[in-house]
Structure formats: structure tokens, C-alpha cells
Amino acid sequence: MSKLGTRTFTLLQTVTSVGLSALAWAVTGVRPIWNGSQPSDRQRIYFANHASHGDFILLSACLSEKERARTHAVAAADYWGKSRLRRFIAQDMLSSVLIHRQWTDEAQNPISIMLSVLDAGHSLIVFPEGTRNMTDQPLLPFRSGLYNLSMARPDVELIPCWIENMSRVLPKGQFVPVPLLCRVVFGAPIAIAPGEERRAFLDRARQTLLALNPRPPAHDAEKWNPVFRKPSCDP
């Protein structure tokens, strides 16, 4: 790609980022809640629940302009790479990192691709469930990617982020957002403990993320962060 083309696409990504961020704020009035961490220029891996194509847009809207510019959402190539239009939207407009969930060629190794982005000094938004959660469960089991990334780059902060309401703002199959208030809760950084096994870490990371849910299921309320518990007199 020529320098002119590079500048053109950089400008396109900037305009898209600013425009989508403004749209997210206008439609959802998104409220970032920093509960254990603070905005930072430090390189990070943000990991979040996933129920809508708009999840990463909402999370990105909560970051500073500088941080948004170097933070890339990881997306499935089998969906976003199906056509030239989808690939153009994902890569050239949204600056997403496309990975193959069913890969056979080492060049398509998702961990290698994500590590190359981190090694370039960028941050990532990952969805450890591996796919959109369309079930009644608040969160699906985590896949191994988060553990593998953290083992390979332990100096990169892992920040849990609970995205609230986006599945109702932009349900599956819909392209016109429904105005609803949303929140993104950023938790304290986590890291793999010495000697901690893969499944133990993934279960702990999952529970850490669940604990950020501002509206947990009533029967599990005692397990959640007390900052978000409702008074017992609430209906």
C-alpha cells in the first residue's frame, strides 16, 4: 500500500472511531465505571463478555482518543472475513484483528497473530467466551486464549470489563440500535498466579468478570461485588 493509501486508511479509521464513539454515547449514554482500575496509557488486554456486535464499540467509546487509536478488537475471520465488504468494515474501518477460530495453517495461529499486535505496542479487546453468548447464562466458559496470551506476555495488564445492555441495544440480526442506557464496568487487573494451572486461572478470570455485573441474577446476589448490590427493600 502506498503512503497515500496508508494515510487515507489511517484517516478513515480515525473518522470511524470518532464517529462510532459519538454514536455510542448518543444512543446509550454509556457510563464507564472504573472499579479497581483507572484509565491509563499502559498497554492492556481488555477482556469482556460478548453478546452483541456492538460490544467492542461501546468499550472503545469509554477509552481516551489516544487509547482507542491503539486498541484493537479481536474478531472472528470466519464471519468478518466472509466478504470483501465485511473485511473492509472490520479491518480498514474498525481496525479489528481478524483471527481464524478453526485454523490449520500456522500462519493463521490466533495466538501468534495477537502477540504480533501486542509486540507492536498496541492493546487488545478480547472476548474469552470465543463467540457471542446467545444463551440464558450470564457468561459462557472461557477458552484458552486469555491464559495463553497472559503466559506469553505477563507484563501486559489484563483488565476485566463487564458490558451491560448492549445485547438489547443491538440484538443479533439487527442493524439499527435501540436507545437504551448502558454501562461498562472496568475491574482491577488480574494476573496468573505462580503455579496456577490453565483451568484454574480461566475459572478465576470468569468469576472476576461475573462479579462486575451491575445487575446479577437475584439468586446469586451474595456472590457479586457489594458495590453493585441493591438494597433489600428494592422490588
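A: One definition to begin with: a residue is exposed if its relative accessible area is over 50%, and buried if that area is under 20%. Also, this is a predicted model.

Q: Fine. Is Asp-119 buried or exposed, then?
A: Asp-119 has a relative accessible area of 53%, so it counts as exposed.

Q: What does Asp-119 form a salt bridge with?
A: With Arg-153, and the closest N and O atoms are 2.8 Å apart. Asp-119 is in helix 6 and Arg-153 in the loop between helix 7 and strand 6, so the bridge ties together parts 34 residues apart in sequence. Arg-153 has a relative accessible area of 23% and is therefore partly exposed.

Q: How many salt bridges are there in the whole structure?
A: The search finds 9. One of them joins the side chains of Lys-66 and Asp-41, at 3.8 Å from N to O. Lys-66 belongs to helix 3 (residues 65–69), while Asp-41 is in the loop between strand 1 (31–34) and strand 2, 25 residues apart. Lys-66 is exposed at 60% relative accessible area, and Asp-41 is partly exposed at 49%.

Q: And Glu-157, which residue does that form a salt bridge with?
A: Arg-44, with 2.8 Å between the closest N and O atoms. Glu-157 lies in strand 6 and Arg-44 in strand 2, so this pair ties together parts that are 113 residues apart in sequence. Both Glu-157 and Arg-44 are buried.

Q: Switching to the nonpolar side. Which residues touch the most other members of the largest core?
A: Phe-47, Val-126 and Leu-146, in a core of 30 residues. Elements that give two or more residues to this core include strand 2 (44–48), strand 5 (123–126), helix 7 (145–152) and helix 9 (198–210). Helix 6 gives the most, with 6 residues.

Q: What caps the N-terminal end of helix 6?
A: Asn-109 does: one of its side-chain oxygens lies 3.0 Å from the backbone nitrogen of Ile-111. Just after the helix, Gly-121 has a positive phi of about 90°.

Q: Now rings. How many aromatic pairs does the search find?
A: There are 5 in the whole structure. For Phe-47 and Phe-142, the ring centres are 6.3 Å apart and the planes are at 85°, so that pair is edge-to-face. Phe-47 is in strand 2 and Phe-142 in the loop between strand 5 and helix 7, so the pair ties together parts 95 residues apart in sequence. Both residues are buried.

Q: What about Tyr-79 and Trp-80?
A: They form an edge-to-face pair too, at 5.1 Å centre to centre and 80° between the planes. Tyr-79 is partly exposed at 26% relative accessibility, whereas Trp-80 is buried at 17%.

Q: Which charged end sits over the ring of Tyr-79?
A: That of Arg-86, 4.1 Å from the ring centre.

Note on methods. Residues numbered from 1 in each chain as written. Predicted model: local features only at pLDDT ≥ 70, side-chain atom pairs only at ≥ 80, totals over all residues. Heavy atoms only, no water. Core = buried A, V, L, I, M, F, W, Y, C linked by side-chain atoms within 4.5 Å. Buried < 20%, exposed > 50% of the residue type's maximum accessible area, 1.4 Å probe, protein only. Helix = DSSP H or I, 4+ residues; strand = E, 2+ residues; numbered from the N terminus. Phe/Tyr/Trp six-rings, centres within 6.5 Å; stacked < 30°, edge-to-face > 60°. Lys NZ or Arg CZ within 6 Å of the ring centre and 35° of its normal. Polar contact = N/O pair within 3.5 Å; in protein donor to acceptor, adjacent residues only side chain to side chain. Salt bridge = Lys/Arg side-chain N within 4 Å of Asp/Glu carboxyl O.
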